Each structure stands twice: as C-alpha cells, then as structure tokens.
Amino acid sequence: MTTPNPQLDAQGRLKHFLTIDGLSRELLIEILDQAEGFLGVAQQAVKKVPLCRGKVVANLFFETSTRTRTTFELAAKRLSADVLNLNISTSSTAKGETLLDTLRNLEAMHVDMFVVRHAESGTAHFMAAHAAPHVSIVNAGDGRHAHPTQAMLDMLTIRRHKPDFDQLSVAIVGDILHSRVARSQMLALRTLGVPDVRIIAPRTLLPTRVEEAFGVRAYHDLSEGVRDADVVIMLRIQRERMNSALLPSEHEYFQLFGLTEERLSTARPDAIVMHPGPINRGVEMDSQVADGRRSVILEQVTNGIAVRMAVMSMCLGNQHLGSQSQEEATHA
Amino acid sequence: MSKSDIWKDAAAIEAAIDTMTERLRERLERRGIERPLMIGIHTGGVWVAERLHARLGLAEPLGHLDISFYRDDFSRVGMHPQVRPSYLPVGVDDRHLILVDDVLQSGRTIRAAHNVLFDYGRPASVTLAVLLERDGRELPIAADVAGFEAGFGADEQIKLSGPEPLLMLRARRGVNPIR
Amino acid sequence: MLNAPRLSIRHGRLIDPASGHDAVADIHLAEGRVLAIGAAPSGFQPDRTLDARGQVVCPGFVDLCARVREPGLEQKATIASEGRAAAASGVTTLCCPPDTRPVIDNPAVARLIHQISKRHGLTRVLPIGAMTVGLEGQSITEMAALKLAGCPALGQADRPIRDTQVQRRALEYAATFGLTLFLLPLDPELSAGGCAHEGVVSTRLGLPGIPEAAETVAVARDLALAEQTGARIHFRGLSTARGVEMLAEARARGVRASGDVALHQLFLSEHDLERFDANCHLVPPLRTPADRDALRAALAEGVLTAVCSDHQPHDPDAKLGPFPETAPGLSGLETVLPLALRLVEEGVFDLMGMIERLTVGPAAILERDLGRLAPGAAADLCVFDPEALWTPSPATWISQGHNTPFMGHELRGRVSWTLLGGRIVFER
C-alpha cells in the first residue's frame, strides 16, 4: 500500500518540506543548486530579492531555538516575505488551544507558509495533513524525526568542499538516538549517493536496527570510525543525557567520543569537520578542532540561510500552480 | 522535437555584433565614458556580452546577471529551474554600465535586471545593448544599441542558441522552444 | 427474557464449535433459549421466521476486550452507542476493562454498568474489575465483592502493576476466589514514553519505541508469578512472536495461563505507521510482519484460544495531534467479522476454527456458559453473510469512535441478524 508522498504535489513538485525521506536525488540536487543561486544575495548591497514579496511566513516554534528561528526569519526576509514569529510556550497549549486551533487561526490571517518546530515526531506531517490547500509547511525540526533544512545545508557545505558525493566517506558522531539532524543527514547522504556513511556512538545512543533502517555502518570507536573519512559531522549532545542511564559522565564521553586533533589524524588530510551548533566545547570536540583549519562550522551557518531561501521559495512558488503544467512564461 | 528554423545564421550574427561594437564605441566616446562595466544577462545575454567585451577590449571583467529572483511571474510559474548565481566582480556604485541581453521583447527581463542592479548599488548610468529588438513591448523600455530590429507574429518566438556557434532560431509558440 | 418471541431461523449453515455441528439446519428459539436444532418440535408456531439461506448461523461472539467508555468518558462513547455497534457486529457478550471513570474497583460501578447495559438490552456487558484500587497498583480491591457483582475476571486495563510484590499478592488473593486475571503484558518502565514498536520503522521515523522486551519481560514475570501462586492468568493482547512462544512453553508445563490477540494485530504491522497514521497508534504497538505471522500461527495451533476486538472508540480530538500525543487504540467492533473471515480466506483456520476463537474460546477463558447453540442454551446468535462486500464509511459507521485505519477499505462479510436472549437486537 503506497500512499503518495505528502510533501509533493501531483506533478512531483515540492509543496511542503517535511523530511528527506522519499525525495529523489534530483530534487535534492535542485534544492542545492537553487541554494547556490541564493548565496549571492548576501553579496548585494541590498541583501534581499523581491521573489516572495507579499507572502506571509509564520515561524511557529513550540520549542525555543533562537538560532534556527533566526536563520529562517532572515531567509524569509531576504526573499521579501513578511514574517511572523510565534514562540508558543507550552502554557498556551495547556490553556487548551490545540495545534490545529493555532493553525486555523493563523490560516485565517492568510499566512502562506508555516515553519514549524515541535518536540514530537510527526508534527510537521500532521500539520501538512490538516493545512489548507494553499498553505505550505516547512519542518524546522520535529521530535527525533527530521530536520531536513539542517541536513540540506550540511549537504551544501559538503558539496562546496567535496563536489563528488559518489566518492565520499562521511562519519556522524554522537547522539544518533535522539537526533533528528542525524536522521535527516543519513537519508540525505544516502539519497545523494554517498556510498560510505558511518555513525559513531556508544550503543545507548544508537537506535535499534539503525544500520538496516538507514543503510549506514555503526562504529563504537572514534579513531576507527573516522579513518579515511572525508567529512566528520559532530552532533550536539544534550547535557541532560549525562549522568543518566544513557551516559555516565561528560568526562568519559569526551575521553571516548570527543573530537581532538589527535583522534582526527586517522581521517583524510583534507577532511572537513562540521557541527550543527551550538558546540559544547570540551564535550563533543575541543576548541582546537572547532576553530581549526578543517572546521567549516561558520560556513554551515551562511549556507543555512541560502538553503532555507531555496526551500521556501520552491514551496511558495509551487503553491499556485495547481495542476497545470509548468510552462515557460514570456519573459524576454 | 521542436519545429524551428534558423532566422539568422552565425555569420549574420557575428556581423551584427560587429555593428553593435562600433555603435557602442561611438556612444561611449560621445559620452566620455572611459571605463564602462559590461554585464550580460543569463544565458543568451552573456554569450553576446562575451563577444562585445572582447571586441571592445574592456579592462574590467565581465559581469553576469541572473534575474530569476526578480521575475514578476514567480507566483504564476514558480521557481525557475536553473538559477545561476549573479556575478558582479566590481562594485556598480557610480559606474557606467552596459547591460547586454539577446532579445528585447516585453521588457520584463530588463525591468527585473534593473532591480537586481539597484540592489547591488547606484550606477551612474545604464546603457542597454541587445542583439534583437523586436515587437511585443509591455513596458516603456527601449534599447540604446540593437544588432537587429524586426517584427514578428505574436505567436512567434525567437531564441538565441549558443554558445558556439550563435544562431537565432524561430519557433511557433506552443511548440516547445529550445531551452 | 420472557418477552422474547418464538423464532425459527431456517436454511442457514449452522456452525456450533462446541458441538462440532456444521451443516445446513434450522434452529428454533423460544423464551430466550434454543429450543431445537433441525426439525421444529411438534406444534411449534414461530412468531417469525428468518430465512438464512446462503448465510452462516452461529453463536453470538464473545469479545474479551471492548471499551464502552461509560461511565465517565461519554464524549468518546456510551454503553448505548457501543451496544449498537456490538449488535451490528454479531457481538452478544463483551468484557469492558476497568479503566472507566470512576474505575471499576468497587461493586457499585460494576452494578451500574450491568444496569445500564441491561436497560439498553443490546449486548451483554461484563465488567472486568480492577485488581488494585484506582488501578494505581498499590492496594488490592475487594475482589470477592467484585466477583459477586458480576465481574468474571479482574485486570488492570493498560496500567500494569509496577511493584512485583503487589502483583504477586493480587494474584494470590484472586486465586483464593478462583478469579482469572486479565494481564496486559507490557513492562511499564521499558515501554515508558514509547508509542511504536522499537524497530526499523520507529528508528526511521524517530518515534520513541516500545521494545519486544517490554512484552517478554512482563510475560516472564507474570508466568513465574502464576506458577508460584497457582493463579489463573490470561494475557490480554499479545503482540510478539517471542511472547507467544513463552506462553506456549508455560502452557505445555501446565501453567494456568492463556492468551488472546487483537484482530488488527494479525493484519497490520509497524509499516502501517510510515505516514504517522494516528489510527495505527496502538498499545501494544503494531510489531513486525514476522511477529504478525507468529501470532497467526499461535492462533492456528491453539496457543492463543481467543481473538478480540480490543475496541477503543475515541472522540476525534483524541486522534488529532502529532502521533506520539494521540491517544492509542482503534475502534474495532465493526471489523471483527470481516477480519476474522479474512483469516479463513488466508488459510489460518477453517470457518469452524474461526468461530471457535470468537465464541467458545473466549467463553472458556471467562468460565461462562456462553458461545454455544445446544438446546437450552441462551439464544445469543449471529447470522452473517460471509460473501457480502461493504466499505466502512463515516456515514454508515455505528460506533461513536470513527478511529479505524480500515475506514474506506473494502471488506467481505457482514452481519444480517444478531439475537440476544432470543430477541432480534440487530437486523440489516
């Protein structure tokens, strides 16, 4: 029983951006290509383009995140869209307003796109299933499920350094179990044709049957796992996981899985190091690596805006196409 | 496959570009412009600009402009599938610009190009050079220099094919034009 | 049931697993009981005759687990609404778990449910009493009084007792009165926060998982305690291959344990969660296709002796939210017959075997004289057309809960008449 992919319209164009799962390699490459185009906007004196003028984008964040929200906001503003920022604390849901009430209220204000972050997996799919036909949903992180724009900005960063996905070895290190970023990265890397994706973590931080679920290989030793890797992606580890049944201490974690120049020595000499931020220095990696020559962490931030502009403009641009086929308009 | 025929062959086009080169040179002299900045509009405009740039022997590197993000038909056709980054190697503030495109028809591309340029800065002047100035204007925009001037049926499309050799092809609307 | 009419049901294929009867035969009912099978007694004048040509006539179904939500959760369903759904599904007896509001932890609530269901007269509702006060897992209930009030068994609904010592004492005390315990095999700590089978799909979707061990640990604990205490236990809703294997092994050693499975567990699997369909948010969770096959085999081999609906009607809001936040459970009464018939079609057992798991099988677990058609037995009957095709739709759905993943899917097999104590409580 195959149901159609809920994030594509009848013509296979992007309508919502919920997950990497089920998207084609061609579509992911189109997103990357569009993002390359938007990178130039930051070089302009007026750092915006009029593409989405008159569109209204609502940032609906049920989980606070200044960083991600800011890059979405900036991306929308550079597209000339109007932006509403709504930090919906748990108190308003405690007042009895359901997610659907919130959605309906904002739809009545003619919002064209919702950028949604929520603590529960599947929220973006739920919103997309109930949104009005002319409204797009962009997933800015749902539970442990997906964070597809983060994954795509990482893919853009990788491609700008290592253009040939077919040749790469990529290692992802850290809390895979709780990470929506890792899930989206694994799917994106495999879809783009990366043959060797490795995940490195103690068993408590690896989800059940992860190798089979994502087509990756699991390692429990950092030096072995990063051997000959072209890209090393470090994940953020939540402090509340420490001193629990999952991990004994920050000290032991850093001793075994913290990235240092020494442990990185088995990777390829031109390997790049990435991190979605914010970094816990001395837990996930030491400062020497974070600020070192291999680190592309700040490029990731820059690329994040361009990728979000690409995804938002693709979804918004497809909204009014309906079922008619895309025809080149006279524009000479 | 599209049914199209060659409207102008490579030799005719190269000759037209020679004519454009001469007219631009005269215009620059008359206005006393010494270091103009040439900018081609993706994709056909860049091909024409590359030739003009070489023949005029301009010192400044050639700029490229992609107007996809400034189109006025976004809400009708969505994102253009192939966007190339704009590339303006030199700041445009207070500079005299020569904007080059292949075909001037509705004027909407040039309108969009103006908007891009003004988001990069405030140029001193903009001269518009096109390979073909044809009928069908929808905005008050005119070329300063044109290689060809001609009228066509409203259902006829003229496209520049390139980069080597440059050919101008004529197709009927409704038939998929050469992309 | 003195007001029950005299009825003859003629020309139907009469299947009674208790006696092994499977042949076209007439059946005659009077005063709420089966009067005769075959020829009518001389002088018998039925008030009405039902023509069951081409249909199956069998005992009414006994459902070991169907929530009616009353008292206390009437926004989801009522005894009247779910009684109608049960009657339309051929279910003449259903057991309702104790998680009503208030909880069925005292005789008054049990009697209230009896009274309401009797007043509506659509299906027999047997309340399952709570093992602990408020289902809180600390103090045991007045089990003897609950038994007297009509509870055929005791349970904890979906709130298993965490404290093993309390569990042991509850089993011992229940054994004093010969009460069976209905136990959901689910370790509370291992399943905490989970909403999907911990496996490939939950890993891919990032859904907090409920591991297989959450079931096997609970099965192991409760089998050990049953053996220790001599209590009779029934695993209400097994979901894993390993779990039924452990049950089979214990039964072979003579442990007084039985088990059932919800019908939907025999068709759906973890893969049905791939689009976050909240109607597939269930406890126990939908497991792997291999588990599903093992459950079917256990049913065929007689390790599991009953199937049930595990009917859990919900109001629409309960299912409108991100998957993990939705309430688990599906509305299952109306799909009992078509799903059971599909098991026959797919060769799990024959029609007789299927009816057995819906009638005498569960009746034996309840130790009640139900689910058979001998003269003198209560005239609880179901007459169904095994070939009728129908598609569930919101307009024709009877239960107040529309939460089923089978909505809009064509099904085969539909009830024509349901009789409770000789009265027609449903006819199409």
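This is a predicted model: local features need pLDDT of at least 70, side-chain atom pairs count only at pLDDT 80 or more; totals for chains, interfaces and linings use all residues.
Student: Over how many bridges do strand β14 (residues 233–235) of chain C and β15(C) pair?
Tutor: Residues are numbered from 1 along each chain as its sequence is written, while chains are lettered from A and ligands numbered from 1 in the order in which they are written. Helices (H or I, at least four residues) and strands (E, at least two) are DSSP runs numbered from the N terminus, and two strands pair if DSSP finds at least two bridges between them. β14(C) and β15(C) pair in the parallel sense, and the number of bridges is three.

Student: Which residue in β15(C) is the bridge partner of C:His234?
Tutor: Look along β15(C), which runs over residues 257–262. The partner of C:His234 there is C:Ser258.

Student: How many residues of strand β15 of chain C are buried?
Tutor: A residue is buried if 20 or more other C-beta atoms (placed from the backbone) lie within 10 Å of its own, exposed if 12 or fewer, and partly exposed in between. In a regular strand the side chains alternate between the two faces of the sheet. Here C:Ala257, C:Gly259 and C:Val261 point one way and C:Ser258, C:Asp260 and C:Ala262 the other, all of them buried. Of the six residues of β15(C), the number buried is six.

Student: Where in chain C does UniProt place the feature "domain: Dihydroorotase catalytic"?
Tutor: The stretch is 39% helix and 18% strand, with its end C-alpha atoms 34 Å apart. UniProt positions are given in the numbering used here, feature names are shortened, and annotations may be inferred rather than shown by experiment. The UniProt record, an unreviewed entry, places this feature at residues 54–236.

Student: Which strands of chain B stand at the edges of the sheet?
Tutor: Five strands form an open, parallel sheet in chain B, in the order β3-β2-β4-β5-β6. An edge strand has a single partner, so one side of it is left without a neighbour in the sheet. Neighbouring strands of this sheet are turned by 25° against each other on average, with direction ignored. The edge strands are β3 (63–65) and β6 (145–150).

Student: What angle does helix α4 of chain B make with β4(B)?
Tutor: Axes are lines fitted to C-alpha atoms, for helices over the stretch in contact, and angles run from 0 to 180 degrees between N-to-C directions; two residues are in contact if their C-beta atoms, placed from the backbone, lie within 7 Å. Helix α2 (residues 44–56) of chain B packs on the sheet, with a direction about 150° from that of β2(B). Helix α4 (residues 108–120) of chain B packs on the sheet too, touching β2, β3, β4 and β5 of chain B. Its direction makes with that of β4(B) an angle of about 155°.

Student: Which element gives the most to the side of chain B that touches chain A?
Tutor: The contact takes 25 residues from chain B and 24 from chain A. Ala, Val, Leu, Ile, Met, Phe, Trp, Tyr, Cys and Pro count as nonpolar, Asp, Glu, Lys and Arg as charged, and the others, Gly among them, as polar; by class, the chain B side has nine nonpolar, nine polar and seven charged residues. With five residues, the element that gives the most is α4(B).

Student: How far apart are the closest C-alpha atoms of chain B and chain C?
Tutor: Chain A meets chain C through 23 of its residues, against 17 of chain C. No contact joins chain B and chain C, and their closest C-alpha atoms lie apart by 27 Å.

Student: Is A:Arg117 buried or exposed?
Tutor: UniProt (unreviewed entry) lists A:Arg67 and A:Arg117 among the residues of a "binding site" feature. A:Arg67 is exposed, with 12 other C-beta atoms within 10 Å. A:Arg117 lies in strand β3 of chain A. Because A:Arg117 has 26 C-beta neighbours inside 10 Å, it counts as buried.

Student: Over which residues of chain A does pLDDT stay under 50?
Tutor: The mean pLDDT of chain A is 91, and 93% of its residues reach 70 or more. The stretch under 50 has 20 contacts beyond four places in sequence in the model, and its residues are 323–332.

Definitions and conventions
pLDDT is the predictor's confidence in each residue, from 0 to 100.
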